[in-house]
Amino acid sequence: MKQVIFKIESQKKIAESVMQMKLSGNTEDITASGQFVNIKLDGFYLRRPISVCDYDEGSLTIIYKVVGEGTAAMSGYEAGRELDILVGLGNGYDLSKSGDRPLLIGGGVGVPPMYNLCKKLIAEGKHPSVILGFNSASDVFFEEEFKSLGADVVVTTVDGSYGIRGFVTNAMEGREYSYFYTCGPEPMLKAIYNVSNTSGQFSFEERMGCGFGACMGCSCKTKYGNKRICKDGPVLEKEEIIW
Ligand SMILES: Cc1cc2nc3c(=O)[nH]c(=O)nc-3n(C[C@H](O)[C@H](O)[C@H](O)COP(=O)(O)OP(=O)(O)OC[C@H]3O[C@@H](n4cnc5c(N)ncnc54)[C@H](O)[C@@H]3O)c2cc1C
Ligand code: FES
């Protein structure tokens, strides 16, 4: 973990209440897809945890939904502003288990961590398929970005206003895949757990205090004992989860 001052390079709205922020700064402590950063906001005691959507040497992209006071304040920040960010948090996804045809399933603001994961799997010569789940057409983002990486992409919306009507699990029916990776709201994760027919990895968005393993505020029970979602997670393997 490292505390780094990043500079906002750009920020734009990419879907209903969803912002994409690009930052520049030292990213050398970010070591895996599925890790998260913890952002200090002026006037707020607790930092806000947000997944790494993409990164390379010197740049970081995050995508977040405006849901409360912190994210509302952040959505008003302009290019040039500096942000104090803890980077390199969490375990991230383990790519070594993917097999040749992994399935990536993102729901809502669980979509962003799938992007860098997809990029890395393709760079390793794998053939990922992607299911992106949203409530409605106005919530959809990043379909073209995943397609540009070369992935096979399907979008679902609950109200049927875009793509396949229904839930991500509807789009999983009849599919063959070697392994899966997912991030999204807990009811979605649980439904995927129940219908999936391979092993896989789930990323959880637990409420957090410190974000780096010191306060036990994010502790949860697993089959292998208690784990801190911020440090031992946010990614857990299917076999260890207790719902
Ligand atoms: C590991 C991890 C990765 C995340 N990645 C993303 C992401 O990529 N994009 C995105 O939009 N959101 C993500 N979230 C959720 C995001 O942290 C919250 O939406 C955000 O903190 C809300 O802040 P707020 O001040 O606007 O809301 P408020 O409700 O005012 O926040 C009050 C407190 O509750 C916490 N909180 C509120 N909602 C959540 C939540 N769902 N999960 C965890 N803490 C919460 C806040 O951090 C804050 O401490 C992630 C959460 C975790 C734990
Ligand atoms: S948030 Fe403090 S230990 Fe996880």
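Predicted model: local features only at pLDDT ≥ 70, side-chain atom pairs only at ≥ 80, totals over all residues.
## Basis

Local features need pLDDT of at least 70, side-chain atom pairs count only at pLDDT 80 or more, and totals for chains, interfaces and linings use all residues. Residues are numbered from 1 along each chain as its sequence is written, chains are lettered from A and ligands numbered from 1 in written order, and side-chain values use heavy atoms, without hydrogens and water.

## Largest pocket

The largest pocket holds about 1400 Å³ of space. A pocket is an open set of points on a 1 Å grid over the protein atoms alone, where a 1.4 Å probe fits, with protein on both sides within 12 Å along at least five of seven lines. Grid points are joined across faces, edges and corners, and the volume is the space filled by probe spheres set on them.

Its lining counts 47 residues, each with an atom within 4 Å of a point. Lys65, Val67, Val109, Gly110 and Glu205 lie nearest the centre. H5 gives the largest share, 5 residues. Helices (H or I, at least four residues) and strands (E, at least two) are DSSP runs, numbered from the N terminus.

## Second largest pocket

About 180 Å³ lies here. The lining has 15 residues; Lys22, Asp54, Ser59, Leu60 and Thr61 lie nearest the centre.

## Open sheet

Seven strands run in the order S11-S10-S9-S8-S12-S13-S16, with mixed pairing. Strands pair if DSSP finds at least two bridges between them. S11 (164-165) and S16 (235-237) are the edges; each has a single partner strand, so one side of each lacks a neighbour in the sheet.

S9 and S10 (residues 152-157) pair in the parallel sense over 6 bridges. Ile131 stands opposite Val154 in S10.
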